[in-house]
Amino acid sequence: MPLPPLVEPVAALSDAESARTARHQVLAGLGEIGQRRLRAAHVAVVGAGGLGAPVVLALAAAGIGEITVIDDDDVELSNLQRQVMHRGSDVGRPKVDSAVRVAADLSPETLVHAKRARLASGNAADLLAGADLVIDGTDTFETRLEVAAATERLGIPLVWGVIQEFAAQVTIFWSSPPQGTDAVVLSDLYPAGSVGELPTCAAVGVFGALCLQAGSILAMEAIKLITGIGDPLLGRVLVIDALRAKTAEVPLRPSRATAQAPQPERAPHIAVADLEAEIAAGAALLDVREDAEVAAGMIPGAQHVPLARVLADPAALDAGRVVVICQVGARARRAADALRAAGADAVVLAGGMDAWTGFESLDLRHSEVDGGKMSDSNAGATA
């Protein structure tokens, strides 16, 4: 089923980016606003190998604004058969460095955060900070478990794929999807303890061209979630048989444990016009934007805690009534949902700073108009 867009759009594209992505902008359903959503998005890609390499190429070409690439390996000669982001001259160098180079060549406005690290429970929150969604292109089930656990804690979508020999699987896991949509997580596909020791690619091989196909599908699913187009693979597993040139679809439903798990109540929204009353009643204001954003201004009295820090430990913030603020509202909703799950009475400022700035400007204009009318009236009376 279609899902609402994951990311709010940027205000505008540069002339160069608009020209570069012109063929996206004429696509029915995606269009110019969809391209602005892609420009606003931050995607984390875990693994820069067979799946991660084509994913990075596709995301950069699509105009994703920020890509975090996480991998602790160096390029080896045997990688070049399938890891199409790397070149012979990259052998011996960190794989994440290739991501920085190719993204700059394809999309100069895309910012790549190269993280030469192996994701684990202790560093996951820092490595995935600020990401709207995660794409898992790792090559061990142990790491996939860590990635899945991290995205479940953060409540963000996980676009997931795996390849072995001539077969591939692609799906989406999401522990906190939009209201009315079932949560599906990795344990619904692979219950705990059901996966034994898996053979490595070095032992059984991997069909190089299949990495491009599966990686492309992973990127497409991310783009669909970001822009709100199409029917994402949440609740479905796409199975690819490269030797027979066949694909199949397998329904994936929540397990009994997942289905019965209580879902946190979604945070309500308040209008900017109600903000003054909230403050008078003792509500705290929490701005979850990034440092560079708040440097341009904040609502007076607001406390600044970036979204990643809130999601990493929502219980660390004082419980009570809190109005959560971001630029337009999407990040504030994620923070408020996490705070409510931790016991706080959190609400979202609808429209965020954009709405507050517009409201303040409107008040000022009304004051100027009212003042002007009063001056005219007084002038007439004096005359």
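## The D345–R340 salt bridge

D345 and R340 join their side chains in a salt bridge, with N and O 3.7 Å apart. The term means a side-chain nitrogen of Lys or Arg within 4 Å of a carboxyl oxygen of Asp or Glu. R340 is buried at 19% relative accessibility, whereas D345 is partly exposed at 34%. Buried means under 20% relative accessible area, exposed over 50%, and partly exposed in between (1.4 Å probe, protein chains only).

The pair belongs to a network of salt bridges that links E278, R321, R340 and D345.

## Basis of the model

This is a predicted model: local features need pLDDT of at least 70, side-chain atom pairs count only at pLDDT 80 or more, and totals for chains, interfaces and linings use all residues. Residues are numbered from 1 along each chain as its sequence is written, and side-chain values use heavy atoms, leaving out hydrogens and water.

## Other salt bridges

The structure holds 17 salt bridges. One of them pairs D90 with R101, their closest N and O atoms 2.9 Å apart. D90 sits in the loop between β2 (66–70) and α5 (95–106) and R101 in helix α5, so the pair ties together parts 11 residues apart in sequence. Helices (H or I, at least four residues) and strands (E, at least two) are DSSP runs, numbered from the N terminus. D90 is buried at 4%; R101 is partly exposed at 29%.

R236 bridges to D231 at 3.8 Å. R236 is buried at 18%. D231 is partly exposed at 33%.

## Helix α4

Just after α4, G63 takes a positive phi of about 95°.
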